[in-house]
Structures are given as C-alpha cells and as structure tokens.
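Please keep the sequence and the three-dimensional view at hand while reading. The paragraphs that follow move from a pocket to a pair of helices and then to a sheet.

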Amino acid sequence: LQDQFDNLEKHTQWGIDVLEKYIKFVKERTEIELSYAKQLRNLSKKYQPKKNSKEEEEYRYTSTRAFLATLNEMNDYAGQHEVISENMTSLITGELTRYVQELKQERKSHFHDGRKAQQHIETCWKQLEASKRRFERDCKEADRAQQYFEKMDADINVTKADVEKARQQAQLRHQMAEDSKAEYSSTLQKFNSEQHDHYYTHIPNIFQKIQEMEERRIVRIGESMKTFAEVDRQVIPIIGKCLDEITKAAESIDHKNDSQLVIEAFKSGFEPPGDVDFEDFTQPMKRTVSESSLSNSRGDGKSELKFGGKSKGKLWPFIKKNKGAGPEDFSNLPPEQRRKKLQQKVDELNKDIQKEMDQRDALTKMKDVYIKNPQMGDAASVDHRLAELGQNIEKLRLEVQKFEGWLAEVEGRLPMRTEQARRQSGLYEAQNTSAVNSCAQDRESPDGSYTEEQSQETEMKVPATDFDDEFDDEEPLPTIGTCKALYTFEGQNEGTISVAEGEMLYVIEEDKGDGWTRIRRNEDEEGYVPTSYVEVYLDKNAKGA
C-alpha cells in the first residue's frame, strides 16, 4: 500500500468517525434508560396510596396489597435501569472518549512522519533531475566547443593564438562535462539508496504503525460492544427477582379472605323479612267497551290502511341522483357498481379479520412464552384480550358472510359477457325493483322528471299498466340517430328493452352520464339499454319518427 497514502488517511479518519458515532449511540441509550427509569418511578409514585386517606383503608385486601407490592417492585425495577445508564456512561462512553483523543494524536503523528518522508524523497528526486539537466547541458556545451576548435584548426587564415584559445576552451568544457557526469552519477546513487530506504524501510514502518493503530481501534470497539451487553446482563438477575416478587404478590391474593373482609365490613345483623300475607279484594265487575274506544280503534285501522297504501308515483329502475348515505347493501347503485362496492367492502373486512388474527396469534405466542417462563409475565393476563379478539373475528366473519351473500346475488344477476366486453364497459345493467325500493331518497326518471317514493312496504311492484300509461301520456321523442347492438341484452327490468346482437335500432335519447341510452325498435317498443352494449351513430339532421 506504499502508493495508497491518501486512501489510508481517509480510511483511518472514517474509523475514528465510526468510533465517535458509537459513543453517541451509547450516550443516547443511557439517556433513554434514565428517561425510562424516571417515568417508571413517576408511575409508581402516582399510584401509591396517599397517607391518611380512604385509599389506605382499601389496602387491607390482599388484591390491593399485591398491587402495592407491584408498585414497590416497579420502583426497584426502575433503579436497575438507572444502574445500566451509570455503568454504560463510566465503562463505555467515558473510556472511549479518552481513547478517541489519544487515537487522534497518534494518527496525526504517524501521518506527519509519512508526509515528511514523502517530502524528503520528492526533494531527492528534484536534486537528481537538476544534476541530470546540468550534466546534459555541459555535454552539449563541450560538444559545441570541440566543433568550434576543429573548425578553427582547419582554417589557414586563423592565427595560432586563436586556435590555441579555442583548444583550451574545448578542454575546459570537456572537464566541466566530466565533473557534471561525476556529480550526476553520485546524485543518482544517492537517490536510488534513498528511494530504496523510503519504500522498503521508512514507509513500511509508518504503515505498520498505522495498521497496528487501526487494529487496536477495531479491537477496542468490539470490547465496548461486549461491555454494552454485559452491563445489561448484570442487572437481569435483579430484574428477574423483581418480577418474581410481583408474581409472588399476585399468588398471595386470597379471594375468599377478601370476600370475608367485605362481609365483615358491611353485614348489618338484621334478619330477612318473613312472607307477605295474601289480601283478597275480589268484587263483581262488569267489563264494557266504550263507544270512544271502538271509534278510536276504527280510526287507527283507517290510518294504518292509509299509511300502507301504494303510491301512484312513477317508479324507474334508474337513479341519477343519490342524496345522503345509501343503504348498507349498496342497492341504490347499478349492478356492476354495486358489485365493486360490495367486493371492496369484503376485501376491507378480510383485511380487518387478518389484522385481528395477527394480534391473536401474537398474543397466543406471548401466552405460550408466559406459560413456559412464568417469570416473564402472567399467562392469564392475556385471556381477556384473546376472548375479545375472538368475538371481534366472529363478528367480522358474520359481516363478510352477509356482504358475500349480497355479492353472490349481484353476480348472479349480471349478464354473461366476454372479457373484452367487460373491459370496454364501465356502466352496467339497471337496478332491480327491490334495489330502488330500498333507497328512500328522491328518485329521478330517465326523462328528467323526479318523483318521491312514499310507500313504506318492503317490496312494491308497479303494475305494467301504470308504467305503460306514463309512456302513453308523453309525446314520442324524435330519433336522433341509429345504433347497432354489440351484444345481446335481456331487458328484465322496468324501462329496459331486450336487444339481439347485430340488431339495428333508433336512438331517441343519448347517454346523460348514467350509462344508459334510450332506443326505439318501433312505435310500440322503446326503452333503455347499457351504452356499452351498443354502437351509436348520431345524426343531427334526422327527422322525428
């Protein structure tokens, strides 16, 4: 790793950060333990009986004395959590904080030595480069001087003095080149020696110290984690004794003794009263029925008959407006929308059942643990909650059965369609008559007229003559286009019309957003079909039928 100096510096800093993070974690744990202990002490104090009060008298019963013992044991239980906090603070937080300071100083020293060695080798390299460049320059100068001397010597016009001067200059440059060569060779040997020592002695020694420092840090954090667990483990026996004392107090409850104390406290000593004698007041009586009572009864009968009469208002299986909350079975909705609502309700109830069952399973496991390890808690303490969960699950299952029954009823009434038709259709078949009767809100007929249902009967059927009269009284609507039936539709409800797949019919009223289109086959046959069952061709210039 001699070339990974910077990465090692980053890694050792990360190691110190991890150690400081662990110290912070332990500090927060100690704060939680102190806060928990404080809350337990306050809880115990809150339920302690007040001196010279009526509550003190109540503690003569074995059950209330056991509760008082539980409060006292909870106080001791809180003390053990304070011990956990104190021990973690002294053995972990304090020790590690001091160790981190020492670690930072040691790390700083090692990396200072490393940088110093790095700077030294870089200086040696610069000296070598300077010596090399000087040697190169002197060699070039000597070569030029030699060439100049040879040129002067060959020229017959140059004096001997000039030639001698050139020769001496060439010899001087050669000598300087030889000196530079010797210096460069010496500097190179020195650098190679320094580089060898740097990479094979100095840096390995520094890195070895860094490695030992990092390994000590790792070992130290591991020891701290063991101490973290030991601090908890040391108080477990005392906490177990507290729980044993609570169990012992619970077992000391004597219901017979408490009942006897109640008897002794409230018995009066009076004897029960004797039998009451019979007193006979028999006298001859004549029973008559007054005229007023007879008339009142007749009047009541008439009012009941009038109340139960059928209304003559229009009754349509289509509801465009739904005011207020609908019925529980969603019978105020079209069949497919009703099916979706019912399915959603069934899914929600099943989720609720699953939640309740999960809670029951968890409590059952807890009870098994309590049975195997009584010191952890009283197994009977969860029986009441288990019983409640069982009742809740049973109620929810009955609800599911009820909604599934309605769902099966709706699914049985929906027409059989292909999967592609189901995807295309977002609107579905009309409601049946009973679904309309269950909705006590204002009704709106497909032609826009509103009627208010007043009949209180469970089921009410409008005679076909009344329904036909409504159409006879109205002017026939003009055709606004044609349509082709994509699927066969059995119009079994009031106001609908049956169509066969591929049949061509007249359109007399567009879909107004409720999913139904009003069509006509001939002068006597017209009604509503689901918009998704037909393909409409509107003609704005069409004349009335």
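Between which domains does the second largest pocket lie? The model examined here is a predicted one. In it, domain 1 (4-258) and domain 2 (335-411) both contribute residues to the lining of the second largest pocket, which therefore lies between them.

The space in this pocket amounts to about 350 Å³. Its lining consists of 18 residues, and those nearest the centre are Leu243, Ile246, Thr247, Gly377 and Asp378. Three helices, α3 (62-154), α4 (160-251) and α7 (335-372), each provide at least two residues of the lining. The largest share, five residues, is that of α4. Sorted by class, the lining comprises 11 nonpolar, five polar and two charged residues.

Two of these helices, α3 and α4, also pack against each other. Two packed helices are described by the angle between their axes and the distance between the axes. For α3 and α4 the angle is about 175° and the axes are 7 Å apart. Angles over 145 degrees count as roughly antiparallel, so α3 and α4 are roughly antiparallel to each other. The residues of the contact between α3 and α4 comprise 46 nonpolar, 19 polar and 23 charged.

The sheet is the next element to locate. Five strands form an open sheet with antiparallel pairing, in the order β6-β5-β4-β3-β7. Its edges are β6 (526-530) and β7 (534-538), each of which pairs on one side only. From one strand to the next, the twist averages 40°.

Strand β3 (residues 481-485) pairs with β7 in the antiparallel sense over five bridges, and alanine 485 stands opposite valine 534 in β7. β3 also pairs with strand β4 (residues 504-509), again in the antiparallel sense, over four bridges. Here threonine 482 has tyrosine 506 in β4 as its bridge partner.

β4 and strand β5 (residues 516-520) are joined in the antiparallel sense over three bridges. The hairpin of β4 and β5 has six residues between the strands, and in this hairpin glycine 513 adopts a positive phi near 105°.

Notes. Residues are numbered from 1 along each chain as its sequence is written. This is a predicted model: local features need pLDDT of at least 70, side-chain atom pairs count only at pLDDT 80 or more; totals for chains, interfaces and linings use all residues. Side-chain values use heavy atoms; hydrogens and water are left out. On a 1 Å grid over the protein atoms alone, a cavity is a set of points where a 1.4 Å probe fits but cannot get out, and a pocket is an open set with protein on both sides within 12 Å along at least five of seven lines; lining residues have an atom within 4 Å of a point. Grid points are joined across faces, edges and corners, and a volume is the space filled by probe spheres set on the points. Ala, Val, Leu, Ile, Met, Phe, Trp, Tyr, Cys and Pro count as nonpolar, Asp, Glu, Lys and Arg as charged, and the others, Gly among them, as polar. Domain bounds come from an automatic or database domain assignment. Two strands pair if DSSP finds at least two bridges between them. Axes are lines fitted to C-alpha atoms, for helices over the stretch in contact, and angles run from 0 to 180 degrees between N-to-C directions. Angles under 35 degrees count as roughly parallel, over 145 as roughly antiparallel, 65 to 115 as roughly perpendicular and the rest as oblique.
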